[in-house]
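Subject: Structure handover

Hello,

Please find the structure below. My notes on it follow.

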Amino acid sequence: MQLYEVTDKNKTLLHNNDKKAKKEFETNNMMEPDRQFHFINLCKELILDKKSQLGRNLTYCVVTFGCQMNAHDSEKLKGILDEIGYEEVEDEKADFIIYNTCTVRENANLKLYGHLGHLKNLKAKNPEMIVCLCGCMMQEPHVIKNIKEKYRFVDIVFGTHNIYKLAELIYTYKTTGKTVIEVLDKSDDIVEALPQKRKYNFKSGVNIMFGCNNFCTYCIVPYVRGREKSRKPEEILAEAEALSRVGVKEIMLLGQNVNSYDGGISFPELLERVCKIEGIKRVRFMTSHPKDLSDELIEVMAKEDKICKHLHLPVQSGSTEILRRMNRRYTKESYLELVSKIKKAMPDISLTTDIIVGFPGETEEDFQDTLDVVEKVGYDQAYTFIYSKRTGTPAATFDDQVDEAVIKERFPRLLKAVNDNNNIKRYEGLIKEVLVEDINGQDQSLVSGKTEENITVHFKGGSDLIGQFVNVRLTECKGFYYIGDMEDK
Ligand code: SAH
Ligand code: SF4
Ligand code: F3S
């Protein structure tokens with residue numbers, strides 16, 4: 001399903017391929033997003049011609065690595081590709097393949113090179129195939145150099161600042177036949193109103209801000225995503241309202257640190273306004289940095305029924321000294337105090353977190369502090385990562401990198417602490433409202449959905465339940481998910 005705000009001007013551009021519009025393009029005077037709608041039209045013609053020449057449809061596949069922000073960017077890329085006439089398939093044998101890359105840890109980079117190795121053979125078999133790389137990894141000059149030297153079959157490359165230009169880049173590639181590489185250092189504007197194709201038609205991510213200003217010393221994100229830019233509240237609310245009109249019930253507000261949202265109103269104010277939209281039944285957000293999670297946010301969360309009682313609050317480390325070296329700007333004590341405050345206001349809240357093991361200089365004592373925080377907080381889920389050295393970040397130059405053997409010894413101890421202290425069993429026997437998402441991949445007689453705490457529940461049911469809220473008794477806790485029984489419909 002697609003969604004975009006069609007203004008009168010866009011409508012004219014979409015349906016009017018006349019020479020006048022083309023002339024306007026030639027003079028290069030068009031503003032965004034009109035300019036992109038124009039390129040969408042031009043690409044449409046090219047794709048139509050190609051299809052009739054080949055006597056078949058042309059297909060695309062978008063492969064996403066990385067976080068929710070990247071996944072949402074992929075929905076925008078898919079929206080454009082659908083609009084210009086490609087048809088989505090899951091298979092990497094498609095005629096147009098995009099890898100939307102991540103570079104937050106070394107593993108993410110290696111994954112891309114693995115896929116590219118395999119693609120070279122596929123491309124040799126399909127002369128129509130266009131290979132496109134975009135996303136965070138493309139913002140790194142050494143990656144671009146490597147691709148130019150070793151992966152010459154790649155056709156189109158762009159970064160995080162110009163994904164909205166996909167149609168223009170395709171048009172340039174198709175009309176010149178030359179590799180197109182456009183990676184920008186930054187972007188000043190936010191281009192609104194282009195098409196999006198959502199994975200689900202009952203829930204959707206909505207960007208509220210882009211970039212990050214925090215410069216945690218281990219993290220590459222501020223370098224590849226640029227400085228923080230907040231969308232205007234009017235734009236966010238218009239998007240959320242448009243989504244609710246087409247049946248979306250759950251919205252996830254997205255940003256690297258939603259607590260520093262600054263669109264003229266604060267993040268809690270924005271939340272309150274989103275909650276006023278009638279059709280929207282659940283509101284989530286991601287991610288919250290502990291350093292600036294305000295009392296106002298806790299108050300709004302506690303009071304607004306529509307805001308899911310789930311908070312992802314990455315701690316990264318439990319040691320005050322490591323946190324200082326990570327530039328996280330909170331201490332072990334202040335984090336624990338914040339957690340107490342949150343639990344006092346919302347005793348049933350589900351807390352989840354991210355933890356890094358083996359940050360440079362991490363001693364056994366520092367690690368014990370991390371275990372202590374895990375024990376004291378009782379997270380419902382913790383995403384645990386081995387520290388990965390990212391070229392260009394301050395921590396990569398710290399001279400006290402931790403030995404691999406030490407990290408290997410600590411990592412399972414952390415996993416055990418997360419499992420032993422997770423609090424997820426407390427829901428056993430309770431009836432929870434579940435938004436049903438899919439038929440279960442392994443057992444077709446089951447459906448899978450999420451509680452407001454973001455806990456996955458599998459229970460007996462059919463595809464008619466997808467997109468519905470149903471009451472489910474959580475009967476059996478299976479580690480980080482539940483098996484349940486539907487109570488009613
Ligand atoms: N903006 C979010 C995090 C985005 S990155 C926040 O600040 O919470 C997601 C997670 O990846 C981080 O929380 C961190 O735990 C992990 N991460 C980031 N850089 C890393 C690195 N160099 N090595 C290991 N894990 C890293
Ligand atoms: Fe990275 Fe820190 Fe920004 Fe999160 S807040 S994206 S960890 S720099
Ligand atoms: Fe990865 Fe970029 Fe997200 S580096 S974690 S995809 S912001």
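R329 sits in the loop between α12 (320–325) and α13 (332–345). This is a predicted model, and every value here is computed from it. Phi of R329 is near 65°, a positive value in a residue that is not glycine. Most residues other than glycine have a negative phi, and most peptide bonds are trans. N454 also has a positive phi, about 75°, and is not a glycine. Look for N454 in the loop between β18 (446–450) and β19 (456–460).

Next, the peptide bonds. E32 and P33 are joined by a cis bond, with omega at about 5°. P33 belongs to the loop between α2 (19–26) and α3. A cis bond also runs from M286 to T287, where omega is near 0°. T287 is placed in the loop between β13 and α11 (295–303).

Now helix α3. How many residues does helix α3 have? It has 21, covering residues 34–54. From the first C-alpha of α3 to the last, the reach is 30 Å. That is close to the 30 Å expected at 1.5 Å a residue. As background, an α-helix has 3.6 residues a turn, so residues three or four places apart point the same way. Just after α3 comes G55, with a positive phi of about 70°.

**Ligand 1**

Ligand 1 is surrounded by 15 residues. The closest are R105, Q256, Q316, D354 and S388.

- The side chain of Q256 has an N or O atom 2.8 Å from a nitrogen atom of ligand 1.
- The side chain of Q316 has an N or O atom 2.6 Å from an oxygen atom of ligand 1.
- S388 uses its backbone: an N or O atom there lies 2.8 Å from a nitrogen atom of ligand 1.

How much of ligand 1 does the protein cover? On its own, ligand 1 has 540 Å² of accessible area, and the protein covers 90% of that. Two elements give two or more residues to the shell around ligand 1: β15 (350–357) and β16 (381–386). By class, this shell around ligand 1 has seven nonpolar, four polar and four charged residues.

Around ligand 2 you will find C212, N214, F215, C216, Y218, C219, V221, P222, Q256, H289 and R328. Seven of the residues in the ligand 2 shell are nonpolar, three are polar and one is charged.

Around ligand 3 are G66, C67, N70, C102, T103, V104, C136, R225 and Q256. The ligand 3 shell has four nonpolar, four polar and one charged residues.

Keep an eye on Q256. It is in the list for ligand 2 and in the list for ligand 3.

**Pocket and cavities**

The second largest pocket has a volume of about 590 Å³. Its lining is made of 30 residues. Which of them lie nearest the centre of the second largest pocket? They are K76, I190, V191, E192 and F210. The elements that give two or more residues to this lining are α4 (68–84) and α9 (233–245). By class, the lining of the second largest pocket has 13 nonpolar, seven polar and ten charged residues.

There are two cavities of 30 Å³ or more. The largest cavity holds about 50 Å³ of space. Its lining consists of M252, R284, F285, M286, C308, H310, L311 and H312. The strands β13 (282–286) and β14 (310–312) each give two or more residues to the lining of the largest cavity. Five of the lining residues are nonpolar, two are polar and one is charged.

Best wishes

How values were computed
Residues numbered from 1 in each chain as written. Chains lettered and ligands numbered in written order. Predicted model: local features only at pLDDT ≥ 70, side-chain atom pairs only at ≥ 80, totals over all residues. Heavy atoms only, no water. 1 Å grid on protein atoms, 1.4 Å probe; cavity = no way out; pocket = protein on both sides within 12 Å on 5 of 7 lines; lining within 4 Å. Points joined across faces, edges and corners; volume = space filled by probe spheres on them. Helix = DSSP H or I, 4+ residues; strand = E, 2+ residues; numbered from the N terminus. Nonpolar A, V, L, I, M, F, W, Y, C, P; charged D, E, K, R; others polar. Expected span 1.5 Å × (residues − 1). Near = heavy atom within 4 Å. Polar contact = N/O pair within 3.5 Å; in protein donor to acceptor, adjacent residues only side chain to side chain. Areas by Shrake-Rupley, 256 points an atom, 1.4 Å probe, with all protein chains shown as cover.
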